[in-house]
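Reader: I would like to learn how to read salt bridges and a helix in a model. Can we take them one at a time?

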Amino acid sequence: MTTPVPGKGKILNQLSEFWFNYLEEKCGVKNHMITCDIEKMPKEVQKHKEVLKGRCMLVKKLKMIPVEAVCRAYLTGSGFKDYEKSGAVCGHKLPGGLRNCQKLPSVIFTPATKAEFGSHDENITEDKAADILKKQGFNFKDLKETALKLFGEAVKYAESKGIIIADTKFEMGMLEGLLIVGDEVLTPDSSRYWDKKKYIVGQQQDSLDKQYVRDYLISINFDRDGGGVPLPKEVCEKAMEKYKEIFKILTGKDADL
């Protein structure tokens, strides 16, 4: 999109910080975060603290795994589209008659290739993901098990706050022989968050994530291959309201904007 959403980056950064800390404590899985405190960053970064405060993270450099670790607890988005065509999602054969946004019998792991800038991620089977990782010296089993462990812990926490995490994606890499969580984690850009009280199976949900912007783009018949488009002010403002709401529900505080 050609229109920035003021403050969105701060929420993504601060919510990632929250989840990195929570999941490392609960699951023992390390992440790439060193600090989000601008005062503890190099002097070269501190020079720009008026712009960067609250929206940047000092991290460890990882050898990134070229496959996104996607976990799905509900059938929605590209997964539902694949299911309508084939009755399966990324090689997982599912029962017939499932409806849009329906809870799956069990959580499924549905890897996706990480697209280059300007391209779209592609859902792939576990076998294809394992083959890609094996050729590059990565362990698929560790990636899958770690992602499902993280997702399970996040789902339990969100449910305690009245929130459904329908799906999310993790990105991981290696550092000194250890599998490390990188990029962002469980943000409203990388996850689908639904209010349990408003959840209705068989229809699109009133999501507290970027689905609101996706829905707007669908309504204007946006061509995904045609370049960016500006967003109306009211769409930006409504999207930001949703991001601030999910941040406060999950963390118990307002984002530092």
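Reader: Which residue forms a salt bridge with arginine 192?

Author: This is a predicted model. Look for a side-chain nitrogen of Lys or Arg within 4 Å of a carboxyl oxygen of Asp or Glu. Here, arginine 192 pairs with aspartate 167, and their closest N and O atoms are 2.8 Å apart. Arginine 192 lies in strand β12 and aspartate 167 in strand β10, so the pair ties together parts 25 residues apart in sequence.

Reader: Is aspartate 167 buried or exposed?

Author: Buried means under 20% relative accessible area. Aspartate 167 is at 5%, so it counts as buried. Arginine 192, at 12%, counts as buried because of that cut-off.

Reader: How far apart are the closest N and O atoms of lysine 135 and aspartate 131?

Author: They are 3.3 Å apart, in a salt bridge. The two residues are 4 apart in helix α5, so about one helical turn separates them. Lysine 135 counts as exposed, at 68% relative accessibility. Aspartate 131 counts as partly exposed, at 37%.

Reader: How many salt bridges are there by this rule?

Author: The count comes to 17. Glu68, Lys169, Glu171 and Asp183 are linked in a network of them.

Reader: What covers the buried residues of α1?

Author: The cover includes β1, α6, β11, β12 and α8. Among the buried residues of α1 are Trp19, Phe20 and Tyr22. Glycine 28 follows α1, with a positive phi near 75 degrees.

Note on methods
Residues numbered from 1 in each chain as written. Predicted model: local features only at pLDDT ≥ 70, side-chain atom pairs only at ≥ 80, totals over all residues. Heavy atoms only, no water. Buried < 20%, exposed > 50% of the residue type's maximum accessible area, 1.4 Å probe, protein only. Contact = heavy atoms within 4.5 Å.
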